[in-house]
Amino acid sequence: MMKYTDQGKQDTRSGYGAGMTELGRTNPKVVALCADLVGSLKIQTFIDENPERFFQVGIAEANMMGIAAGLTIGGYIPFTGTFANFSTGRVYDQIRQSIAYSDKNVKICASHAGITLGEDGATHQILEDIGLMKMLPGMTVINPCDFNQTKAATLAIADWHGPVYLRFGRPKVANFTAPDQIFEIGKALTMQDGTDVTLVATGHLVWEALIAAENLANQGISAEVINIHTIKPLDEEALVRSARKTGCVVSCEEHNFLGGLGESVSRTLAQHLPTPQEFVATKDTFGESGTPAQLMEKYGLNNKSIEAAVLKVIKRKAQ
Amino acid sequence: MADLTALEQLVPQVRRDILRMVHQVNSGHPGGSLGCTEFFAVLYNHMMEINEGFNMDGVGEDLFFLSNGHISPVYYSILARRGYFPVEELATFRKIDSRLQGHPTTHEELPGVRIASGSLGQGMSVAIGAALAKKLNKDSHLIYSLHGDGELQEGQNWEAIMYAAGNKVDNLIATIDWNGQQIDGATEDVLPLGDIGEKFRVFGWDTVEIKNGNDLASVVGGLEEAKSRTGKGKPVAVMLKTVMGNGVDFMMYTHAWHGKAPNDEQLATALEQNPATLGDY
């Protein structure tokens with residue numbers, strides 16, 4: 001049934017590391033910064049091969065964002081690295097003024113996003129970062145789904161002029177997209193055609209949506225699965241086209257339902273094609289300690305939650 | 001000693017620009033602008049090696065970053081009179097559709113400005129980044145920056161100060177406008193800063209003090225001394241002692257004119273004290 005298969009579980013942050021390794025070899029303008037989390041960001045190979053193009057800033061994220069902005073003046077393409085929580089909320093004003101408003105070509109690369117960070121708990125699990133970043137004028141927001149796509153996205157943003165927020169995660173998850181894919185920023189990917197419901201998923205939830213779609217097929221429900229790796233700019237055309245065909249939508253993300261992909265989808269549909277929608281997302285809550293699988297289950301972020309949301313939204317469509 | 005004649009002509013004209021700009025829109029920050037007029041005059045017309053035209057990357061020239069962006073009036077006046085954009089454009093300061101925003105920005109593509117500032121405490125990090133880019137580019141030109149003394153209350157500065165010393169960013173001259181005033185009063189009353197120079201030294205910087213930052217010869221001497229200390233493994237901080245509101249007697253020695261514009265009568269008095277030399281915009 002499914003045309004995608006798991007090629008072996010890998011973490012998306014390692015996709016970032018692999019992308020940085022390649023950029024280190026191919027783009028002399030790329031420089032990397034890190035706030036004391038080199039091991040977590042998987043950039044040791046980049047550092048070993050390009051020590052002069054790596055800046056260890058210590059536990060000082062605000063300074064890191066400012067230094068990154070300054071490095072663009074002189075023609076460099078800085079990639080900052082720390083956890084998503086410390087890449088966004090902690091340094092929002094620095095990003096806003098020194099990067100976004102100043103039109104600086106900085107790539108804010110954020111690992112350990114969402115609740116699947118796991119046992120460290122809510123202080124480290126940011127579920128608000130997509131909202132924070134998409135609100136900034138001129139900011140591009142990308143949340144790839146697996147190792148291969150994260151690597152491809154890392155390569156793509158180096159060639160995209162302007163500030164970018166690249167979000168990825170900690171756990172090892174299915175790696176199911178093509179290894180040598182071309183990543184088109186702002187282009188939604190239809191992973192699977194369907195006619196009864198559209199699953200609009202981002203990040204780790206894309207794989208869960210594919211599993212849900214397979215299970216739904218066994219119940220006679222045909223789900224279209226769209227991978228929204230770029231939340232901003234959103235591929236509104238693809239979204240509206242699919243919603244017109246299926247008549248209902250479930251948005252799926254490892255993020256608060258306030259401010260995330262789901263709200264961008266709702267706004268798009270409200271403007272162009274009002275459509276029933278359900279949200280698979282956290283519901284205005286902080287996370288907690290636990291294994292990623294336990295947390296995905298408890299906070300309603302797995303394929304079972306998606307199936308339940310589909311059954312609900314299809315009923316609403318019938319009304 | 002440098003010939004200061006041209007700078008002596010420039011300074012009162014810049015003061016006039018500052019006063020007229022803030023008066024015209026009844027807003028803006030004259031106090032710190034007036035206090036830093038000599039510094040800007042010397043920096044842009046004596047110290048910095050600047051290429052013709054404006055290129056954001058600034059390779060092959062000295063660069064300046066203003067961290068305390070609220071003193072935009074003096075910055076804009078100096079940039080315009082240095083030829084970055086027409087002097088007449090000063091008349092658009094803080095008005096709708098202007099490139100001269102209340103606080104400086106790159107967003108309106110005003111030549112001469114390389115970073116937005118206004119939210120305090122961010123400029124030193126940016127200056128360090130630009131200094132690192134210069135080193136990567138094997139460009140021996142310098143980075144200059146200016147920061148308010150009160151601005152050092154922002155913690156990000158101390159991250160940056162630590163970083164610059166630890167990483168031997170020795171192509172950076174960061175100047176602190178040590179006027180002892182901030183919006184709510186004297187810095188020593190609002191949040192005491194102690195001996196700023198000593199703090200920089202303890203953090204591993206070389207320092208130069210300019211005891212009279214409103215005396216052109218002292219500023220020239222101090223900045224030349226600071227330049228001579230670059231390239232020796234340490235970032236250089238300049239403690240620039242200035243008087244907020246300098247050049248207008250009733251604006252001096254008080255925080256009252258930090259962010260307040262003069263009325264018509266006050267403007268007339270202030271302009272009398274600073275006669276036109278190069279022509280008003």
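A:F83 stands opposite A:S111 in strand 5 of chain A, where strands are DSSP runs of E of at least two residues, helices are runs of H or I of at least four, and both are numbered from the N terminus. The model is a predicted one, in which local features need pLDDT of at least 70, side-chain atom pairs count only at pLDDT 80 or more, and totals for chains, interfaces and linings use all residues. Residues are numbered from 1 along each chain as its sequence is written, and chains are lettered from A and ligands numbered from 1 in the order in which they are written.

Strand 5 of chain A covers residues 107–111. Strand 4 (residues 77–83) of chain A pairs with strand 5 in the parallel sense over five bridges; two strands are said to pair if DSSP finds at least two bridges between them. Strand 5 also pairs in the parallel sense with strand 7 (residues 164–167) of chain A, over four bridges, and there A:I108 stands opposite A:Y165. Five of the five residues of strand 5 are buried, a residue being buried if 20 or more other C-beta atoms lie within 10 Å of its own, exposed if 12 or fewer do, and partly exposed in between, with C-beta atoms placed from the backbone. A:K107, A:C109 and A:S111 point one way from this strand, and A:I108 and A:A110 the other way. In a regular strand the side chains alternate between the two faces of the sheet.

Strand 1 pairs in the parallel sense with strand 2 (residues 143–148) of chain B over four bridges, and B:L63 stands opposite B:I143 of strand 2.

Chain A is divided into domain 1 (10–173) and domain 2 (189–318), with bounds that come from an automatic or database domain assignment. The centres of the two domains, taken over C-alpha atoms, are separated by 26 Å. In domain 1 of chain A, 27 residues are in contact with 31 residues of domain 2, contact meaning that the C-beta atoms of two residues, placed from the backbone, lie within 7 Å. On the side of domain 1 that touches domain 2, the elements giving two or more residues are helix 7 (129–134), strand 6 (140–142) and helix 8 (147–158) of chain A. By class, this side of domain 1 has twelve nonpolar, ten polar and five charged residues; Ala, Val, Leu, Ile, Met, Phe, Trp, Tyr, Cys and Pro count as nonpolar, Asp, Glu, Lys and Arg as charged, and the others, Gly among them, as polar.

Between the chains, 29 residues of chain B are in contact with 22 residues of chain A. Helix 5 (123–136) and helix 6 (156–166) of chain B are the elements that give two or more residues to the side of chain B that touches chain A. Helix 5 gives the most, with ten residues. The residues of this side of chain B divide into 14 nonpolar, eleven polar and four charged.

The largest nonpolar core has 181 residues, of which A:L199, A:A209, B:I128 and B:V238 touch the most other members. Such a core is a set of buried Ala, Val, Leu, Ile, Met, Phe, Trp, Tyr and Cys residues joined through C-beta atoms within 7 Å. Domain 1 and domain 2 of chain A both give residues to this core, so it lies between them. Not counting residues up to four places away in sequence, A:A209 touches A:L199, A:A201, A:V225, A:C252 and A:I306.

Some backbone features fall in loops. A cis peptide bond, with omega of about -5°, joins A:K232 and A:P233, and A:P233 is in the loop between strand 12 (230–232) and helix 10 (236–246) of chain A. B:N26 is not a glycine but has a positive phi of about 50°. B:N26 is in the loop between helix 1 (5–25) and helix 2 (30–35) of chain B and is exposed, with 11 other C-beta atoms within 10 Å. For B:K168, also a residue other than glycine, phi is positive and near 55°. B:K168 is in the loop between helix 6 and strand 3 (172–178) of chain B and counts as partly exposed, with 13 C-beta neighbours inside 10 Å.
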